[in-house]
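Let's take a quick tour of this protein chain, one topic at a time. Have the picture open while you read.

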Amino acid sequence: MADGSSKMVSFISVVIPVYNGQSTIAQCLEALIRQESVELNVDYEVVVVDDGSIDSTVQIAENYPVRIVSLKKNGGRIIARKTGAEAARGDNILFVDSRVIVEPDLLSQILKINKSPMIAGDLKAKETKYNSIFHTVFYLIRKKIYGKKYFPQQDVELIIDQENFSKAPKGTTILYIEKKLFLAILPGKTDKNTNDDTRIFHKLIFEKKINLVRHKGIRAEYKQRTELSHLVPWLFQRGTLFADFYFKPGRRFFLFVLFGFAAVILAVFLLVFLAGHSPQYLFPFFSVVFAVYFFLALYVSENIRDFLTFFCVVPLIFTIFCAGIVRYLFLMVFRRSVSQ
């Protein structure tokens, strides 16, 4: 199939899976219930799936004309999205992350474009690059990973297919899809450590042979986590989810992860060895590490402000993210030992 399918849409179910989203859920819902050119509960509905939150998420959502489906315990994104899809009245679902503030014309744009499955092509990454040091770092990393062709997206419409699957940015932050199709491409693995975003799209494109449309007409702002109390656990979990899909021979980042860990283990070994046997070589060792990291920061950055931000912040981000990957590897070994 060359691109997303097009057909007339009668009713859209907006599904918002959320876990402890009290900081952004009000803004998210406010934007969704005040959509232009469409009428709430006539042309569309809003379904909030509370994934066992222990904060004030539900109490805040109860102030809005939305349906709330509550799960007794936190089951993870796959369970929350599946529950929301099954509870949806419409045949077409718009998944929206609770940290996303959509444009007032989002639904009317979706109806106008009339393609499915489709994800947002403009999450205002360039416009919000300097909102925080973390916005800056994540923008620079994504730009290098995906390249100028894909990030920020140049064309109005980008077709993600088997050829460019590993090169193009993907995510279910905003996903418009037919209900039956979504339920058919859910991964069999449903625990919290499953990279459901990438697995869903991989199954869609490689098994169902249906391409994904990434459209710039779908605009929204993603509220990046900036408080360390929220950022650290999120980044740790992202490392685990990253490894869940990509730590497999033949996939794009497999060798990167493998050689990256080999390099870290070698560096730690050399550091311990030098400290115990040849401390006079510690300064040259750290000089080499510093030089490599300096030129990496220089390569990624677009200006001096980017360089200083990247140079100071990335060690923290890298350490937490890699800790998440290590966690996945331990879980994988533990599962195999238990199964045996």
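**Two helices side by side**

The axes of helix 9 (residues 254-277) and helix 10 (residues 282-300) come within 10 Å of each other and cross at roughly 160 degrees. Here an axis is a line fitted to C-alpha atoms, for helices over the stretch in contact, and angles run from 0 to 180 degrees between N-to-C directions. Helices (H or I, at least four residues) and strands (E, at least two) are DSSP runs, numbered from the N terminus.

Before you go on, note that this is a predicted model: local features need pLDDT of at least 70, side-chain atom pairs count only at pLDDT 80 or more, and totals for chains, interfaces and linings use all residues. Residues are numbered from 1 along each chain as its sequence is written, and side-chain values use heavy atoms, with hydrogens and water left out.

**More on that helix pair**

- Helix 9 and helix 10 are therefore roughly antiparallel (angles under 35 degrees count as roughly parallel, over 145 as roughly antiparallel, 65 to 115 as roughly perpendicular and the rest as oblique).
- On the helix 9 side, Ala267, Leu270, Leu271, Leu274 and Ala275 meet Leu282, Phe285 and Phe286 of helix 10; contact means heavy atoms within 4.5 Å.
- The residues of this contact between helix 9 and helix 10 split into eight nonpolar, no polar and no charged (Ala, Val, Leu, Ile, Met, Phe, Trp, Tyr, Cys and Pro count as nonpolar, Asp, Glu, Lys and Arg as charged, and the others, Gly among them, as polar).

**A covered helix**

- Which residues of helix 3 (residues 77-87) are buried? They are Ile78, Ala80, Arg81, Thr83, Gly84 and Ala85; buried means under 20% relative accessible area, exposed over 50%, and partly exposed in between (1.4 Å probe, protein chains only).
- The cover over the buried residues of helix 3 includes strand 1 (12-18), strand 2 (44-50), strand 3 (67-70), strand 4 (92-96), helix 6 (179-184) and helix 7 (196-207).

**Cysteines**

- How many disulfides are there? The count is zero, where a disulfide is a pair of cysteine sulfur atoms within 2.5 Å.
- Cys312 is exposed, at 61% relative accessible area, while Cys322 counts as buried at 14% relative accessibility.

**Two residues and their contacts**

- Gln237 sits in helix 8 (residues 228-246) and is partly exposed at 22% relative accessibility.
- Setting aside neighbours within four places in sequence, Gln237 touches Lys192, Asn193 and Arg327.
- Lys144 belongs to helix 5 (residues 133-146) and is partly exposed at 40% relative accessibility.
- With neighbours within four places in sequence set aside, Lys144 is in contact with Tyr299 and Val300.

- Most residues other than glycine have a negative phi, and most peptide bonds are trans.
- A cis peptide bond links Ser116 to Pro117, with omega about 0 degrees, and Pro117 is in the loop between helix 4 (106-113) and strand 6 (118-122).
- Phe151 and Pro152 are also joined by a cis peptide bond, with omega about -15 degrees; look for Pro152 in the loop between helix 5 and strand 7 (157-160).
- Asn20 is not a glycine, yet its phi is positive, about 50 degrees; Asn20 lies in the loop between strand 1 and helix 1 (25-33).
- Lys124, not a glycine either, has a positive phi of about 55 degrees and counts as buried at 15% relative accessibility.
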